[in-house]
Amino acid sequence: MNKTTSWFNVTSLVFGFAFLYVPILILVVYSFNASKLVTVWGGFSTRWYAELLHDQAIIDAAWVTMGVGILSASFATVLGTMAALVLDRYSKFHGRALFSGMVYAPLVMPEVITGLSLLLLFVAVGFDRGFWSVVIAHTTLTMCFVAVVVQSRLVTLDRSLEEAALDLGCPPVKTFFLITLPLILPGVVAGWMLAFTLSLDDLVIASFTTGPGATTLPIKIYSMVRLGVTPEINAISTILISVIAVGVIVASVLSHRSQVEKEKAERAVFLAG
Amino acid sequence: MIEAVGPIKRKFAPWDDPTLKPFIRFENVTKRFGDFTAVDNLTLDIYEREFFALLGPSGCGKTTLMRMLAGFEQPTEGRILLDGKDLSGIPPYKRPVNMMFQSYALFPHMTVEGNIAFGLKQEGMDTSNINTRVAEMLELVKLEKFAKRKPHQLSGGQRQRVALARSLAKRPKVLLLDEPLGALDKKLREETQFELMDIQMELGMTFLIVTHDQEEAMTVSDRIAVMNHGVIAQIGTASQIYEQPASRYVADFVGDINLIDGTVSAVEGGVATLHCAGVDATIVAEAGPGEVAVGAEAGFAIRPEKVQISLEAPPAGTPNVLSGEVWDIGYLGDISVYRVRLAGGSIVKATVANLTRIVERPITWEDKVYLTWPADAGVILLK
């Protein structure tokens, strides 16, 4: 590695980060703007945050978003973990390649198409569009992400641990809850966090599948922006960004920390001889 | 501490008693994975309280055989009986068999105590009995001080003991040991081998060990089955396998062996004469199993420690003499290995115990030497 800083590297770094974060930074800064005019700085203030608390429509949207996020992330975690187990465990069943392809397809599927097809499904089966249709749609969207995260955890799990539990008289289902689940838990929690944040910031699928009385925060923001950007939108967006950032950081810390701990423990034993 | 109960074992040979029923019976067991046959129509009897070893190179089917007994694999054909009961269809968690895994497979999220108690809890044993049994097991493997530790806070040898204690805690009828000492260093391995024997004798259980280490198999077990390509090449006690190998494969796999090829020129009363054109010699020795007949291609097999090496020519008329030149000497401390090059270019090994501390050895490089052996020291095996 070249340790001397080259101008080229520094420049690319600055431009790269600027490209990624300057828009967000401006949004965050203007959310503390005292002025009502979005583009004019009128001094520091938290009045827009206070005003948010009085806007019932936004508070309702926030509750819907939280509800959808928690429920869909939980459903997606259960389904995604099951899919990951099947993919990891039953290596030779008929149609495995097709199954794994189909599990991962939504990762690259355009959201517009996922949203449209879900809408068609709900209309076809006569499912009332509203809160629960968004929950189901988000479960569909995020399940494959959970499957990817959990599967990467399962790959590192020693199969003989489960065999040892079976051997000691523990039936398979109990073995899953006593041995497998505790050991892949960091992956499962990280998967849940990822699913939750994906649900929080989804606009496209939610707007296809939502109905009256189930306006999520991104839909609310989008419709407010069409009438002009207000400092209030900056404030609510800043909150949303913070929640998502915390979720992503917790998820990555969880999956990273267990690895580090394992290495540390192994090193300690090695040094102790 | 475990009291040594050596003498009990001295007369232990249930396999020689035709009235005894085997405890474990593999009956015409075949296991195929796709096109690959891991175990091929194998029949094997193991008796109660026996310490039985499955010995063979990797891929010989020994682990598959053990995993079928544990219930992790199902035989493609044939059946396995335990104490007269057919095990087919019984899942691993209902078999009275416990296994110690090669990787130890200790549950990383449980303490040493938790690991040992795991199987007992599944049985539904009450807490006070579990605690007593766990304490007993910790004492047995001398880990009383480590009860509250997690597996990653233990050394390799300690983990091995926890794994052993956990697999013994339920007092299984049979304990399966899959390469149990493979991860330990040589000194610790040797110590642990003797401990395993003591524990097996104390608890009076049947042990089945899978290993590729012939010294380990010979040290711990009452009988050994040498396996190759899914079939048993030979079953016998350590000394039977070593001294009376049934085939070239067994002779070569277990211990060190010299093989001198030739053609059988006479057979009489179990004694064959082998004409070895390659080394220009005639060897008379006991004919091994199989049809050793006149004209058959065969080989004379003799262990290096049974070959005597001498600078002086034996008296004329002495049978079984080979002569050659000392090609290499390996000094191993307790013994020295002489590699002697015969007239035809082939090498015969002879080992000599170093009984004295003299530094100068009488035999040295390029000396002309004579190799002799007692009449019953070797055996003639078919190719």
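Because the model is predicted, local features need pLDDT of at least 70 and side-chain atom pairs count only at pLDDT 80 or more, while totals for chains, interfaces and linings use all residues. Residues are numbered from 1 along each chain as its sequence is written, and chains are lettered from A and ligands numbered from 1 in the order in which they are written.

Select chain A. Its secondary structure consists of eleven helices and zero strands; helices (H or I, at least four residues) and strands (E, at least two) are DSSP runs, numbered from the N terminus. The C-alpha trace of chain A spans about 70 × 65 × 35 Å along its principal axes.

Next, display the contact between the chains. Chain A supplies 19 residues and chain B supplies 21 residues, two residues being in contact if their C-beta atoms, placed from the backbone, lie within 7 Å. On the side of chain A that touches chain B, α7 (159-167), α8 (172-200) and α11 (231-272) each give two or more residues. The largest share, six residues, comes from α7(A).

Now select B:Tyr104, in the loop between β6 (97-100) and α2 (112-123) of chain B. B:Tyr104 has a positive phi of about 70° although it is not a glycine. Most residues other than glycine have a negative phi.

Finally, select B:Glu179, in the loop between β7 (174-178) and α5 (186-203) of chain B. Phi of B:Glu179 is also positive, near 45°.
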